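Here is a short briefing to read with the model open beside you.

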Amino acid sequence: MEKPLLIASDVDGTLLAPLEVLSERTIDIVRRVTEDGVPFVLASGRPPRWIAPIANPLGLTGYAVCANGAVLYEIGTDRIVAVHGLLEPALLHDTVSALDHALPGCRFAAERVGESAQDPRVRSFVIEPDYHNPWGNHEGAEAPRAEVLGHPAIKLLISRRGMSSDEMARAAREVLDGSVDITYSTDTGLIEVAAHGITKATGLAEVCERLDVPAERVIAFGDMPNDVEMLGWAGHGVAMANGHRYVFDVADEVTGPNSEDGVAQVLERWF
């Protein structure tokens with residue numbers, strides 16, 4: 001393709017090396033991209049509060065697509081620009097009721113957002129007892145299920161010990177029947193529920209509309225099922241060699257793994 005006018009990249013398993021660090025080669029290529037005037041957009045399942053540790057070393061101040069497309073965040077101003085597809089309490093309760101039968105023993109958490117990444121007026125991440133976080137249980141305000149489900153959320157997370165995320169997603173889709181969208185960014189027993197139709201692709205499309213960039217001039221990088229829609233939407237979708245089999249089906253190209261700076265391998269063609 002021609003030199004891209006916008007780069008979009010997933011974070012975990014894509015931009016980050018396996019030990020969740022940014023390599024010098026990756027930092028260098030991202031800085032070269034932005035110095036050339038091309039926007040580099042983080043498109044992640046991460047909430048806004050997890051963006052700064054990645055954006056700051058890269059020198060990014062523009063938009064980030066967070067929570068799998070539910071939130072558009074402006075890094076430099078620490079401002080939530082837009083929120084799409086809030087899961088209202090009634091829908092959360094209906095979803096959880098169905099999943100209790102499909103995934104006995106599962107536990108729930110809710111991701112919420114305010115006006116900034118760390119809005120002190122909002123309990124950003126609320127978990128019920130025995131919720132298992134594959135990234136470590138170092139955060140999250142523990143609360144009864146009624147509190148977890150009692151406020152609008154940008155994302156509902158479901159953990160279930162002893163099952164893979166793929167097994168969980170298949171069981172959940174059978175009972176939820178398209179009322180919400182189900183995806184996952186790790187295969188360690190965690191799935192994520194979003195409002196129907198909200199994906200990284202819809203979030204990235206909003207960024208491109210704001211910046212007047214056509215989809216065909218976008219390169220997007222990803223490795224997991226929550227990247228599938230974005231890779232299919234972008235003019236050139238790139239799957240990481242370490243990625244899930246689903247991303248290979250939609251990608252235009254497969255680059256090296258995140259352990260070998262696969263994102264940089266592609267971008268160094270132009271920058």
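In which helix is Glu 35 found? Glu 35 belongs to helix 2, which covers residues 24–35. Please keep in mind that this is a predicted model.

**Glu 35**
- Glu 35 counts as exposed because its relative accessible area is 66%, and exposed means over 50%.
- Between Glu 35 and Arg 170 there are 135 residues of sequence separation, and their C-alpha atoms are 43 Å apart in space.

- Eight strands make up an open sheet with mixed pairing, and their order is 5-4-3-2-1-12-13-14.
- At the edges are strand 5 (79–83) and strand 14 (253–255), each with pairing on one side only.
- On average, neighbouring strands in this sheet are turned by 25° against each other, with direction ignored.
- Helix 7 (residues 200–211) packs on this sheet and touches strand 1 (6–9), strand 2, strand 3, strand 4 (71–74), strand 5 and strand 12 (218–222). The direction of helix 7 makes about 160° with that of strand 3.
- Inside the sheet, strand 2 (residues 40–43) pairs with strand 3 (residues 63–66) in the parallel sense, over two bridges. Ala 43 has Val 65 of strand 3 as its bridge partner.

- Strand 7 (residues 125–127) and strand 8 run parallel and are joined by two bridges. Here Ile 127 stands opposite Glu 142 of strand 8.

**Two positive phi values to check**
- Asn 68 is not a glycine, yet its phi is positive, at about 60°. Asn 68 sits in the loop between strand 3 and strand 4.
- Is Asn 68 buried or exposed? With a relative accessible area of 6%, Asn 68 falls under 20% and is therefore buried.
- Asp 212, another residue other than glycine, has a positive phi near 60°. The loop between helix 7 and strand 12 holds Asp 212.
- Asp 212 has a relative accessible area of 68%, which is over 50%, so Asp 212 is exposed.

**The largest pocket**
- The volume of the largest pocket is about 510 Å³.
- Which residues lie nearest the centre of the largest pocket? They are Asp 12, Glu 20, Trp 135, Ser 185 and Thr 186, out of a lining of 33 residues.
- Helix 1 (11–15) and strand 9 (155–159) are the elements that give two or more residues to this lining.
- By residue type, the pocket lining divides into 10 nonpolar, 12 polar and 11 charged.

**The cavities**
- Rolling a probe the size of a water molecule over the atoms shows where empty space is left.
- There are two cavities of 30 Å³ or more, and the largest cavity has a volume of about 50 Å³.
- The lining of the largest cavity includes Pro 47, Pro 48 and Arg 49, and also the residues Glu 111, Arg 112, Val 113 and Gly 114. Ser 116, Ala 117, Asp 119 and Ser 124 are also among the lining residues.
- That cavity lining divides into four nonpolar, three polar and four charged residues.

Notes:
Residues are numbered from 1 along each chain as its sequence is written. This is a predicted model: local features need pLDDT of at least 70, side-chain atom pairs count only at pLDDT 80 or more; totals for chains, interfaces and linings use all residues. Side-chain values use heavy atoms; hydrogens and water are left out. Two strands pair if DSSP finds at least two bridges between them. Helices (H or I, at least four residues) and strands (E, at least two) are DSSP runs, numbered from the N terminus. Axes are lines fitted to C-alpha atoms, for helices over the stretch in contact, and angles run from 0 to 180 degrees between N-to-C directions. Contact means heavy atoms within 4.5 Å. Buried means under 20% relative accessible area, exposed over 50%, partly exposed in between (1.4 Å probe, protein chains only). On a 1 Å grid over the protein atoms alone, a cavity is a set of points where a 1.4 Å probe fits but cannot get out, and a pocket is an open set with protein on both sides within 12 Å along at least five of seven lines; lining residues have an atom within 4 Å of a point. Grid points are joined across faces, edges and corners, and a volume is the space filled by probe spheres set on the points. Ala, Val, Leu, Ile, Met, Phe, Trp, Tyr, Cys and Pro count as nonpolar, Asp, Glu, Lys and Arg as charged, and the others, Gly among them, as polar.
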